[in-house]
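Hello,

Here is the structure I promised to pass on to you. My notes on it follow just below.

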Amino acid sequence: FSGNRFETAREIANKYKAITVLKGVHTIVTTPAGTLYVVHGNIPGLAVAGSGDVLAGWIGTLLTRQIPPEISCLMAVMALH
């Protein structure tokens, strides 16, 4: 994968045909179709051990509520903002 986080997110989403969430100072959410969202700002909730587990739990919970996957990922990231 490339050294550019945005390109890496797109490459992963395309390769695995899955929505990709890359945590970081600016969290990136990318769809297999190439749509890229950036949640700006320092998200302290995503910078601690276990935060990926919590994020996955939020996404899974939202999916069970019939919320589309792309929106579920964005809502989960924002919930931890």
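Strand β2 (residues 27–30) is joined to β3 by four bridges, and the two run antiparallel. One of the pairs is Val29, whose bridge partner in β3 is Tyr37. Together β2 and β3 make a hairpin with five residues between them, and Gly34 in the turn has a positive phi of about 105°. Strands here are DSSP runs of E of at least two residues, helices runs of H or I of at least four, numbered from the N terminus; two strands pair if DSSP finds at least two bridges between them.

This is a predicted model: local features need pLDDT of at least 70, side-chain atom pairs count only at pLDDT 80 or more, and totals for chains, interfaces and linings use all residues. Residues are numbered from 1 along each chain as its sequence is written, and side-chain values use heavy atoms, with hydrogens and water left out.

Elsewhere, Val54 sits in helix α2 (residues 51–64). Val54 is partly exposed at a relative accessible area of 41% (buried is under 20%, exposed over 50%, partly exposed in between; 1.4 Å probe, protein chains only). Its C-alpha atom is 9.0 Å from that of Ala76, 22 residues apart along the chain.

Best wishes
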